[in-house]
Amino acid sequence: MCRIATGVVDWACMYIFVDIFYINDVIIKTAANVLVIILNYIASKFVIFKTNR
């Protein structure tokens, strides 16, 4: 579910910034990928691989 959510974030960033605001798609895809990598790291650390204490 976390990977699907970050995929939706990537798609939404591309749609909003490229299709609506007409910003360069290469720049937005790069920024969206950085955001997705950070969100995947956070999801992996705190949701997927959380330890029970």
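A search of the whole structure finds one salt bridge, a term that here requires a side-chain nitrogen of Lys or Arg within 4 Å of a carboxyl oxygen of Asp or Glu. The partners are Lys29 and Asp10, whose closest N and O atoms are 2.8 Å apart. Because Lys29 lies in helix α2 and Asp10 in helix α1, the pair ties together parts that are 19 residues apart in sequence. Helices in this talk are DSSP runs of H or I with at least four residues, strands are runs of E with at least two, and the numbering starts from the N terminus.

Before I continue, a word on the basis of these values. The model is predicted, so local features need pLDDT of at least 70 and side-chain atom pairs count only at pLDDT 80 or more, whereas totals for chains, interfaces and linings use all residues. Residues are numbered from 1 along each chain as its sequence is written, and side-chain values use heavy atoms, with hydrogens and water left out.

The cut-offs are under 20% relative accessible area for buried, over 50% for exposed, and partly exposed in between, with a 1.4 Å probe and protein chains only. Which residues does Asp10 touch, leaving aside those up to four places away in sequence? They are Lys29, Ala32, Asn33 and Val36, where contact means heavy atoms within 4.5 Å. Another pair to look at here is Trp11 and Ala32: they are 21 residues apart in sequence, and their C-alpha atoms are 8.7 Å apart in space.

Let me turn to the chain as a whole. It has two helices and zero strands. Its radius of gyration is 13 Å, well over the 10 Å that the globule rule gives for 53 residues, so the chain is more spread out than a compact globule. That radius is taken over C-alpha atoms, and the rule is 2.2 Å times the number of residues to the power 0.38. Along its principal axes, the C-alpha trace spans about 50 × 15 × 10 Å. Of the 53 residues, 19% count as buried. The chain exposes about 4400 Å², and carbon and sulfur atoms supply 71% of that area; accessible areas come from the Shrake-Rupley method with a 1.4 Å probe, and for residues only the protein chains shown count as cover.

Next, the aromatic rings. The structure holds two aromatic pairs. Trp11 and Tyr15 form a stacked one, at 5.7 Å centre to centre and 10 degrees between the planes. Both residues lie in helix α1, four residues apart, about one turn of the helix. Trp11 counts as exposed at 58% relative accessibility, and Tyr15 counts as partly exposed at 40%. The rings of Phe17 and Phe21 have centres 6.1 Å apart and planes at 40 degrees, so this pair is tilted. Here Phe17 is partly exposed, with a relative accessible area of 33%, and Phe21 is exposed at 52%. For the criteria, rings of Phe, Tyr and Trp (its six-membered ring) pair if their centres lie within 6.5 Å; planes under 30 degrees apart count as stacked, over 60 as edge-to-face and the rest as tilted.

Most residues other than glycine have a negative phi. Tyr22 is placed in the loop between α1 and α2, and at 69% relative accessibility it counts as exposed.

Finally, the surface. A nonpolar patch of about 960 Å² is made by Val34, Leu35, Ile38, Leu39, Tyr41, Ile42, Phe46, Val47, Ile48 and Phe49. Patches are made of residues with over 30% relative accessible area and no salt bridge; like charges are joined within 9 Å, and nonpolar side chains (Val, Leu, Ile, Met, Phe, Trp, Tyr) within 5 Å. Ile38, one of the patch residues, is found in helix α2, which covers residues 25–48, and is partly exposed at 45% relative accessibility.
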